[in-house]
Amino acid sequence: MDQRVFWVFASAVCLLSLTLHSSSGQTYPLTDDGGLGRVFDGIGGLSGGGATSRLLVNYAEPYRSQILDYLFKPNFGASLHILKVEIGGDAQTTDGTEASHMHYENDENYFRGYEWWLMKEAKKRNPNITLIALPWAFPGWVGRGKNWPYDFPDVTAAYVVNWVIGAKKYHDLDIQYIGIWNERTFDSKYIKLLRYTLDKTGLESVRIVASDNLWEPITVSLMLDPELSSAVDVIGAHYPGTTTVPQALTTKKKLWSSEDYSTFNNEVGGGCWARILNQNYVNGQMTATISWNLVASYYEELPFGRDGLMTAQEPWSGNYVVESPIWITAHSTQFTQPGWTYLQTVGHFAQGGSYVALTDGYGNLTVVIETMTHDHSICIRPPLPPFNVTSQNATFQLKGSFASIKELQVWRSHFDFKAKKHSLFEKLPPVKLVDGSFTLNLAEDEVYTLTTIRTGQKGSFPEPPPSARFPKAYKDNFDIRNPPFSEAPNFADQTGVFEYYINLTDPGPHAFTLRQVVMERPITWATDADQTISVVGDYQWQDMVVTCDVFMENVKSGGVFVAARVDKGGQSVRSAMGVFFWVFADGSYKVTNDLAGQSVLAEGLSGTRPFDWHNLSLSVKGQSASGMVDGRQLWKVTGVSSPKNGWAAIGTHSFELAQFDNFNVLAE
């Protein structure tokens, strides 16, 4: 029996408590007298923005299904209400690129990438899950030569609506919300045109979230422009710090934290998530909170490593980790549903911490409490102002339609940062109410759920396999006739898109290859490199041999590379260093210490030409490196002192078509 919960037995008229506390505490009413608060829209996770679920698809069964169960299965783990995905735009959008459904204007393919698969897996587990989509970036053709997607709003609207139509036509997925986001501003003309385009194609039920970034200037614009206001259903903010602005409340629109968290998923990350899940409503009246990201399923050394609700970054070993944010999520998601309503009686405790209460309108009540201290609940952004939380007694008095409740189920998480022993989502004995009242002795760094709902469960599976490094010997010939995904396992595209390709003109040994398909710089807020690149392997690799067959398709300026010790990716990819061995269609080669190709270590003639297969081999050991083409050594250099470690990689000199086959890496 827990030592922090005590109750009153009316028949004995005596107080039973296993923990004595000198403070008399405060009394907090929970009532629907006088009406209710805002309607709850749910808690969710975000896949994309970008490529954050990249490695998840490569997990073998049963581990992949187990991960999905922890995320989506009702009454099991996080039991998420919302899944938000990226509409791939062929562009770097934080941790990698995601393929567009329209690489080119006359191209449509609704089977690229893995977001379709992920949405279907989420729906399979929770048919009622809310699906939201947002384009972080766009293929270059959408901008008609400009790095801006809204100068031709009809083109952009058609591009987005095509994706929504494709989701239904090819995958039977009903997208309920479309987000509109750009780092610089929002475009009211585009929003109105998107609403018009959705409506005229029979998608009146698809709602718009804007600006899916900041509270301003969208809120003022909504108040001044009735047509814009009628087009927008939800005002979404990113990383709002649990606060909103008065104008947003005045609009009477739904307010969401449409991207939040983005914090390393240790126990402090769990504390961050606990605090904002409650206080986004208490402080900011936000009725949905969506975590970036859903699952940390990308190489940890990329930007924002392990900033997901759980960690699944080792498909080669099968290892995954159910982190604390999963169970913090469960405190809310397993005992509420979208459509429930917040009580007006929510708020902060006298000694710090917060509480929310929700009802389904049919007699059920769920109360979620958090007492996270400042240093144990810091999120990555924005800066957290100082505040204090201390242990306290809190008495709750149920009134109105809840006055007759006699018993509440109790779930508790306790973070013990001193002993480093944390108990997460534990079921405790029910609390008995007398005259609608109960009292809790709240310690620091705790989360409680008290609820009439009895279906909560802390799901579990046998321990997954132990963690292991990426295999030192790795090869892929890309010979898959009907690949389940368009990407090759474990390759993480950082600029450009590398897809499986069937070479109908060459039924020989290179009939099945990996092809870089982006031919024009995409429109993106992040900084793509001028070269395309896909990384693979173990970031700690130092000495290795990388070999690959390459095929250039650009006659005049074609170029491809293999690389070792690549030290950067994600939004930092432009400044990536390593050892890059380039060959070009004009018969030359170059060796550089950087992806940008400015730090030249060696150069000369290679004999390479376009539309012919060549085998490249790059060997790096200590401070020495050497390279071969078609079995002939071309160069050898010494003094390669930096970087000391990094991934293997393949790529192209520009946004151009090129093919790769028989990739092989052997690391020491």
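**View A. Contact of helices α1 and α2.** In this predicted model, the residues R64, S65, L68, D69 and F72 of α1 meet W117, L118, E121, A122 and R125 of α2. Sorted by class, this contact of α1 with α2 comprises 5 nonpolar, 1 polar and 4 charged residues. Helix α1, which spans residues 63-72, packs against α2 at an angle of about 65 degrees, and the two axes are 10 Å apart. The crossing in which α1 passes α2 is right-handed.

**View B. Contact of helices α2 and α3.** Helix α2 (residues 115-125) also packs with helix α3 (residues 153-171), here at an angle of about 60 degrees and with the axes 12 Å apart. That angle makes α2 oblique to α3, and the crossing of these two helices is right-handed. On the α2 side the contact involves W116, M119 and K120, which meet W163, G166, A167 and H171 on the α3 side. The residues of this contact of α2 with α3 divide into 4 nonpolar, 2 polar and 1 charged.

**View C. Contact of helices α8 and α9.** The axes of helix α8 (residues 267-282) and helix α9 (residues 324-333) come within 8 Å of each other and cross at roughly 20 degrees. Because angles under 35 degrees count as roughly parallel, α8 and α9 are therefore roughly parallel to each other. As α8 passes α9, the crossing is right-handed. The contact is made on the one side by E267, G269, G270, W273, A274 and L277 of α8, and on the other by S324, P325, I328 and T329 of α9. In terms of residue class, the contact of α8 with α9 has 5 nonpolar, 4 polar and 1 charged residues.

**View D. Domain 1 and domain 2 of the protein chain.** The domain assignment of the protein chain gives domain 1 as residues 38-315 and domain 2 as residues 473-667. The centres of domain 1 and domain 2, taken over C-alpha atoms, are separated by 32 Å. Across the boundary, 41 residues of domain 1 are in contact with 35 residues of domain 2.

View E. For residues 342-457, an unreviewed UniProt entry lists "domain: Glycosyl hydrolase family 59 central". In the model, the span of residues 342-457 is 0% helix and 49% strand, and its end C-alpha atoms lie 23 Å apart.

View F. Most residues other than glycine have a negative phi, and most peptide bonds are trans. D212, which is found in strand β10, has a positive phi of about 50 degrees although it is not a glycine. P217 lies in the loop between β10 (207-213) and α5 (218-224), and the peptide bond that leads from E216 to P217 is cis, with omega near 10 degrees.

**View G. The cis peptide bond at P382.** R381 and P382 are joined by a cis peptide bond, for which omega is about -10 degrees. P382 is placed in the loop that runs between β19 (365-370) and β20 (392-398).

Key. Residues are numbered from 1 along each chain as its sequence is written. This is a predicted model: local features need pLDDT of at least 70, side-chain atom pairs count only at pLDDT 80 or more; totals for chains, interfaces and linings use all residues. Side-chain values use heavy atoms; hydrogens and water are left out. Axes are lines fitted to C-alpha atoms, for helices over the stretch in contact, and angles run from 0 to 180 degrees between N-to-C directions. Helices (H or I, at least four residues) and strands (E, at least two) are DSSP runs, numbered from the N terminus. Angles under 35 degrees count as roughly parallel, over 145 as roughly antiparallel, 65 to 115 as roughly perpendicular and the rest as oblique. A crossing is left-handed if the near helix is turned anticlockwise from the far one by less than a right angle, and right-handed if clockwise. Contact means heavy atoms within 4.5 Å. Ala, Val, Leu, Ile, Met, Phe, Trp, Tyr, Cys and Pro count as nonpolar, Asp, Glu, Lys and Arg as charged, and the others, Gly among them, as polar. UniProt positions are given in the numbering used here, feature names are shortened, and annotations may be inferred rather than shown by experiment. Domain bounds come from an automatic or database domain assignment.
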